[in-house]
Amino acid sequence: MFYPIKAMDIQYSLTRSRKRKKTVSLQIGHHSEITVQAPVHTPAAEIQRFIEEKQAWIEKSLRRQAALQASHPKKAYTTGEIFYYLGEACLLEAFFDPLENQGVVLHNKRFFLNCPPNRQMRKYYLTAWYRKQARAYLTRRVDFYSRLLGLTCGGIRITAAEKRWGSCSEKNHLSFAFRLIMAPPQAVDYVVVHEMMHIREKNHSSKFWNLVLEVIPDYKTQRLWFREHQQHFDL
Ligand SMILES: [Zn+2]
């Protein structure tokens, strides 16, 4: 279920879930959209109280996001812009040579993008490149950890999610955002291991986190990295 509601002056969407969720939680998306998730039978007054308690935090987060967005204007896909690949800052060189193949080549931390000078087309080619790299890279990392941990997943899917880096379904299908490969290898591995440990534990219990800790001793640092480097994932 998904419907827009207004509490105080805060506009948000409410999702009621029958599965897994036991507490009310709140998320702020990339575009300042607020989502509240609650167990299916939570009274409206309780949700209202939860939002009110969080109001100061929500306002602070929205202000921080607005400031961050102001300092990182939308990509124009022109020469000189920075795009990240496995944690490395790579400089874009956009040009158009109609006699050569169109698309992206990464060489020496430079993206060479051959494409007509059109923002949408440039974005399309870069996205296609990232998706392809993400599929190859993440498949290799999942294979590596499958062997190391003796875990078998039901398949890998690459998504266009902007905020959710990965997920593991009931049937152990793993999904990863293609943007994930903009992060450094150790941060990518944390997400891979996190999702793969859900093959064993379908929750975020202390047992789950201990399993993650055994493989990624500094997983807390990696989690924090994602929170502090949102601007790396612009595309
Ligand atoms: Zn998880």
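This is a predicted model: local features need pLDDT of at least 70, side-chain atom pairs count only at pLDDT 80 or more; totals for chains, interfaces and linings use all residues.

Biologist: Let's do α2. How many residues does it have, and how far does it reach?

Modeller: Helix α2 covers residues 119-149, which is 31 residues, and reaches 43 Å from its first C-alpha to its last. That is close to the 45 Å expected at 1.5 Å a residue.

Biologist: Which residues in α2 are buried?

Modeller: R122, L126, Y130, A134, L138, R141 and V142. For the spacing, remember that an α-helix has 3.6 residues a turn, so residues three or four places apart point the same way.

Biologist: What comes just after α2?

Modeller: G150, with a positive phi of about 65°.

Biologist: Okay, sheets. What's the order in the one with β9?

Modeller: That open sheet has three strands in the order β9-β11-β10, with mixed pairing. β9 (155-159) and β10 (166-168) are at the edges with a single partner strand each, so one side of each has no neighbour in the sheet. From one strand to the next the twist averages 15°.

Biologist: In which sense do β10 and β11 pair?

Modeller: Antiparallel, over three bridges, with β11 being residues 173-177. G166 stands opposite F176 in β11.

Biologist: Which strands of that sheet does α2 touch?

Modeller: α2 packs on the sheet against β9 and β11, and its direction makes about 150° with that of β9. Helix α3 (residues 185-197) also packs on the sheet. α3 touches β10 and β11, and its direction makes about 15° with that of β10.

Biologist: You mentioned F176. What is it in contact with, leaving aside neighbours within four places in sequence?

Modeller: F176 is in contact with A134, L138, I156, I158, T159, W165, G166 and V191. A134 and L138 are among the buried residues of α2.

Biologist: Which residues touch the most other members of the largest nonpolar core?

Modeller: A134, F176 and L180, in a core of 35 residues. The elements giving two or more residues to this core are β5 (82-85), β6 (88-95), β8 (110-114), α2, β11 and α3. α3 provides the largest share, eight residues. Another core lies apart from this one, with six residues, among them L14, V36, A38 and I51.

Biologist: Switching to the sheet with four strands: what's the order there?

Modeller: It's an open sheet in the order β5-β6-β8-β7, again with mixed pairing. β5 and β7 are the edge strands, each pairing on one side only. The twist here averages 35° from one strand to the next.

Biologist: Parallel or antiparallel for β6 and β8?

Modeller: Parallel, over five bridges. L91 has R110 in β8 as its bridge partner. β7 and β8, on the other hand, run antiparallel and are joined by five bridges. There H107 stands opposite R110, the residue that also partners L91.

Biologist: Where does α2 sit relative to those strands?

Modeller: α2 lies across β5, β6, β7 and β8, at about 55° to β7.

Biologist: Is K109 buried or exposed, and why?

Modeller: Exposed, because K109 has 11 C-beta neighbours inside 10 Å, and 12 or fewer counts as exposed.

Biologist: Where is L86 found, then?

Modeller: In the loop between β5 and β6. L86 isn't a glycine either, yet its phi is positive at about 50°. L86 has 16 C-beta neighbours inside 10 Å, so it counts as partly exposed.

Key:
Residues are numbered from 1 along each chain as its sequence is written. The expected span of a helix is 1.5 Å times one less than its number of residues. A residue is buried if 20 or more other C-beta atoms lie within 10 Å of its own, exposed if 12 or fewer, and partly exposed in between; C-beta atoms are placed from the backbone. Two strands pair if DSSP finds at least two bridges between them. Axes are lines fitted to C-alpha atoms, for helices over the stretch in contact, and angles run from 0 to 180 degrees between N-to-C directions. Two residues are in contact if their C-beta atoms, placed from the backbone, lie within 7 Å. A nonpolar core is a set of buried Ala, Val, Leu, Ile, Met, Phe, Trp, Tyr and Cys residues joined through C-beta atoms within 7 Å.
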